[in-house]
Amino acid sequence: MDSCTSEGTFRAPTIAGLVLPAEAVSQEIAIDGENLPQQFFVKDSTAFGSVDDSPPRIPIPVIDLSLLSSESELEKLRSALSSWGCFQAIGHGISSSFLDKVREMGKEFFSLPMEEKQKCSRAASDREGFGSDVVVSEEQVLDWCNRLSLRVFPEDGRRLNLWPENPKDFGETLIQYSKKIRSVMEVVLEAIAKSLGLEEDVFLKHFGDKAMMQARFNFYPPCPRTDKVLGIKPHSDKSGITVLLQDKEVEGLQVFKDNQWSRAPTIPHALLINLGDQMEIMTNGVMKSPVHRVTTNAEKLRISIAMLIEPDPEAQIGPLDGLVDEERPKMYKTVKNFGRFNYISFQKGLVALDAIKMLIRVTEPPVRLLIKISSLYTKSTYEQMDSNTPEKNFIASNMAGLVLPLEGVSQEIAIHGGNPPQQFYVKESAFGSVDYPPPVIPIPVIDLSLLSSESELEKLRSALTSWGCFQAIGHGISSSFLDKVREVGKEFFSLPMEEKQKCFRAASEGEGFGSDVVVSKEQVLDWCNRLFLMVFPEHRRRVNLWPENPGDFGETLIECTMKIRSVMDAVFVAIAKSLRLEEDVFLKRFGEKALMQARFNFYPPCPRTDKVLGLKPHSDKSGVTVLLQDKEVEGLQVFKDNQWSRVPTMPHALIINLGDQMEIMTNGVMKSPLHRVTTNAEKMRVSIAMLIEPDPEEEIGPVDGLVNEERLKLYKTVKNYGHFNYVCFQKGVVAIDAVKV
């Protein structure tokens, strides 16, 4: 940022310039020191809380549009839109390279000199064109944002004099993108109708051939007062549906749900789809138009592109007949040109959606008028922890019971006064304290279905050299099957202790049901129980340790591991290609006798999240680990750039992280990341990890193609690294450091 102008002023943006509204001053904002104009300062709201609240990261649902033909995905869609009003859309059919092109086009426009952008400036009190807020009152708080707003459809509504001449392909790209979004929305509107038991084309008819589509390119420059200024104030959209392409790296969007703000993670090639007020009206309030806002960033600029789609303004909209009955009377009046009505309401200080609500008794006041502030933490009967046993002991688990290691005490842990035994308390270390709140720096998302493209291969290489892990989408495993795998894990851990004891591991053995293998009195225990089973090679399965309940456990586990093995075959080939090696180089190293172990992890609620970890910091001994996270409860954190980063839950993504043996084979080019799992005070968490490693009889070392004069051999060759890792662990030595040259 230019902070050293001749007048000693601070220029807010990094690449262009934030302009004040046309109704005020159409020039770049010069900010003395950190004293921004007061017009940007947001007042704390009783309903919505303060600007600098640190919201939790409760990931909004992820819906795979390619799976909307299935009943389970349709139900997920209905659930997402009736509770959140929005979702992250994957499997939408728009290539990642094209989405990147759209983002880049927006960045190129905002980086143009001001005199070039001013050719597209909106007129005073007109919304279309380049500029910032339309000001309707002196008390109005301004957004820290510039926009380029353009009508795209219907074609006769385009004001081409406001369309940029630079970048040269701006118009062509925008029209192409708009058509792709329109196709996506037709699929979504049909799916919404089906999920509500309505005729498939009911919403398509209401939007009609003359439906309006407006593109809004948003530019949020860095802001020195993130505690007082918002990129966009809390609001719901006037549209029928909004499709948002978020910034690829910088987070900012937050959604208001259950009386608190939730941060929306950036998933680089997902589209964030949220309903607008007009869809809430048409669904008679069954589905929601969510209140959302955009926060500012002190160091980085952020760009997003929103496509707002709404019905033909000449058509009347109101609740659909199929969604009005005695149990759910008509909630909204019928209205024509809601967009115009919304603007008039805004000028009067009214909320349009609330202004057309019918005068009927509702159990809760509208969220936009009054938000009831209640406890941040609500416990359902299912999630509640039992703190009222006869002995007034706290039983850690809300389902079964956390057991101490067999080497210690093989009984459920009774915790007096909410304090876990000292064996679980983590000491401070070089990796920071347990309760240090880490930022959410989303790990890369890789679409495995696009790995034939050079751009996705380069993303894969970049992810594994910097992070050592990524979220995998487009992996070909259905969401319903992944849910089934999670469910068999939950069912096992919910069994009575006497049933689980049939699978107990032997003392000092890792395989079976239990907790940590204890090798020293000083060892800090993990707040976790595991069911650890060898699946491949088949002759090494110890089926006496496999649960008999649930009845389909074994069949489901074998099917899951077969699918994961197929996924990893594709990933190993892609990693080799990204490193310019023979495609089968890693497949050969793993071989037909490769080991695959399944580890079902159970993390019960913990009363001392500031002192206890679900899993201590470690890197995996495997070649590769594939993790299916809990669908809702976050916990995994990765250590990168000297800080912990929280990993968001993406319900139907797989987290793939390299283990030590792949770091060795890639000669340190790719990383085996250090990670940990935190605890949760109220909710239990279940995850399933698949650890894949080479045949233990095979020697592993750096691949020849990755050793040369510039990059010498960094690791020794080693045999049966898994056993070597365990021996090192008993001695208090880090195995991968022990094999460094």
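This is a short tour of the structure, stop by stop, with what to select at each one.

**Before you start**

The model is predicted: local features need pLDDT of at least 70, side-chain atom pairs count only at pLDDT 80 or more, and totals for chains, interfaces and linings use all residues. Residues are numbered from 1 along each chain as its sequence is written, and side-chain values use heavy atoms, leaving out hydrogens and water.

**Stop 1: the whole protein**

Show everything as a cartoon. The protein has 16 helices and 32 strands. Helices (H or I, at least four residues) and strands (E, at least two) are DSSP runs, numbered from the N terminus. Of the 741 residues, 56% count as buried. Buried means under 20% relative accessible area, exposed means over 50%, and partly exposed is in between (1.4 Å probe, protein chains only). Take the contacts (heavy atoms within 4.5 Å). Among those with a separation of 6 or more, 74% come from residues 24 or more positions apart.

**Stop 2: the largest nonpolar core**

Select F470, I564, I575 and F586. In the largest nonpolar core, of 74 residues, these four touch the most other members. A nonpolar core is a set of buried Ala, Val, Leu, Ile, Met, Phe, Trp, Tyr and Cys residues joined through side-chain atoms within 4.5 Å. Helix α12 (residues 553–578) gives the largest share of this core, 11 residues.

Now centre on F470. Leaving aside residues up to four places away in sequence, F470 touches several others, including I443, L464, V571 and I656.

Next, follow helix α12 from end to end. Its 26 residues should span 38 Å at 1.5 Å a residue, and its end C-alpha atoms are 37 Å apart, which agrees. The expected span is 1.5 Å times one less than the number of residues. Just after α12, stop at R580, which takes a positive phi of about 60°.

**Stop 3: another core**

Select I63, F87, L148 and M282. They are among the 73 residues of another core, which lies apart from the largest one.

**Stop 4: aromatic pairs**

The structure holds 18 aromatic pairs. Rings of Phe, Tyr and Trp (its six-membered ring) pair if their centres lie within 6.5 Å; planes under 30 degrees apart count as stacked, over 60 as edge-to-face and the rest as tilted.

Select F110 and F219. Their ring centres are 5.1 Å apart and their planes are at 20°, so this pair is stacked. F110 is in helix α2 (residues 96–110) and F219 in strand β7 (residues 212–220), so the pair links distant parts of the chain, 109 residues apart. F110 and F219 are both buried.

Move to Y721 and F724. This pair is tilted, at 6.2 Å centre to centre and 50° between the planes. Y721 and F724 are 3 residues apart in helix α15 (residues 721–731), separated by about one helical turn. Y721 is buried, at 2% relative accessible area. F724 counts as partly exposed, at 27%.

Then select F492, F493, F504, F513 and F602. These form one aromatic cluster.

**Stop 5: charges over rings**

A charge sits over a ring if NZ of Lys or CZ of Arg is within 6 Å of the ring centre and within 35 degrees of the ring normal. Select R158 and F153: R158 lies over the face of F153, at 5.1 Å from the ring centre. Select K640 and W467: K640 lies over the face of W467, at 5.0 Å from the ring centre.

**Stop 6: strand β26**

Stay with K640 and show strand β26 (residues 636–640). In β26, 4 of its 5 residues are buried. Two strands pair if DSSP finds at least two bridges between them. β26 pairs with strand β29 (residues 674–678) in the antiparallel sense over 4 bridges. There, L636 stands opposite V677.

β26 also pairs with strand β27 (residues 643–646), antiparallel, over 4 bridges. K640 stands opposite Q643 in β27. The hairpin of β26 and β27 has 2 residues between the strands, and D641 takes a positive phi near 55°.

**Stop 7: strand β30**

Finish at strand β30 (residues 685–693), where 9 of its 9 residues are buried. Both faces are covered: R685, S687, A689, L691 and E693 on one side, with V686, I688, M690 and I692 on the other.

Which strands pair with β30? Strand β23 (residues 595–603) runs antiparallel to β30, joined by 9 bridges. A598 stands opposite M690 in β30. Strand β25 (residues 624–628) pairs with β30 over 5 bridges, also in the antiparallel sense. Here V624 stands opposite I692.
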